[in-house]
Amino acid sequence: RTKAQGMRRLFDRTRIEGPFHTLKHSCIINWLQSVPNIKLVSKLAGHSTVGITLDRYVHVLEENAISELDNLYSTMRSTS
C-alpha cells in the first residue's frame with residue numbers, strides 16, 4: 001500500500017468530502033504551517049524526497065516567513 005492510498009483511506013474513514021488531491025494539498029499546507037520539520041511533512045505527504053515537497057510548497061514556507069517577520073516588526077515597533 002502506498003502512502004497516498006493510506007491518506008485516501010484516512011479521508012474515506014473521516015468522511016471528508018472533496019477531490020483527493022485538493023484534500024491532500026490542503027493537508028500538506030496545514031502541516032507546513034504547523035509542523036517545523038520539513039522532512040516529516042515530506043514523509044507524511046508520501047514524497048520520495050524533501051526536494052519534491054520544497055519544489056511544490058516553498059511558497060507556503062515563504063508566506064509563513066513573511067508573516068512572521070511582519071509580526072516581529074509590529075512587535076518591535078509597539079515596544080519602542
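Accessible areas here come from the Shrake-Rupley method with a 1.4 Å probe, and for residues only the protein chains shown count as cover. On that basis the protein chain has an accessible surface of about 6100 Å². Carbon and sulfur atoms hold 55% of that surface.

This is a predicted model, in which local features need pLDDT of at least 70, side-chain atom pairs count only at pLDDT 80 or more, and totals for chains, interfaces and linings use all residues. Residues are numbered from 1 along each chain as its sequence is written, and side-chain values use heavy atoms, with hydrogens and water left out.

**Overall form**

The protein chain has 4 helices and 0 strands. Their order from the N terminus is α-α-α-α. Helices (H or I, at least four residues) and strands (E, at least two) are DSSP runs, numbered from the N terminus. The radius of gyration, taken over C-alpha atoms, is 16 Å. A compact globule of 80 residues would come near 12 Å, by the rule of 2.2 Å times the number of residues to the power 0.38. The C-alpha atoms fill a box of roughly 55 × 30 × 15 Å along the principal axes.

Of the 80 residues, 21% count as buried. Buried means under 20% relative accessible area, exposed over 50%, and partly exposed in between (1.4 Å probe, protein chains only). Among contacts with a separation of 6 or more, 30% join residues 24 or more positions apart. A contact means heavy atoms within 4.5 Å.

Helix 4 covers residues 50-79 and bends by about 70 degrees at tyrosine 57. The bend is the angle between axes fitted to the seven residues ending there and the seven starting there. Tyr57 is also one of the buried residues of helix 4, along with Thr53 and Val60. These buried residues pack against helix 2 (20-34) and helix 3 (38-45). An α-helix has 3.6 residues a turn, so residues three or four places apart point the same way.

**Two residues compared**

Cysteine 27 is found in helix 2. It counts as buried because its relative accessibility is 19%. Leucine 69 lies in helix 4. Leucine 69 is exposed, because its relative accessible area is 54%.

The table gives two C-alpha separations.

| Pair | Apart along the chain | C-alpha separation |
|---|---|---|
| Cysteine 27 and leucine 61 | 34 residues | 14 Å |
| Leucine 69 and glutamate 17 | 52 residues | 35 Å |
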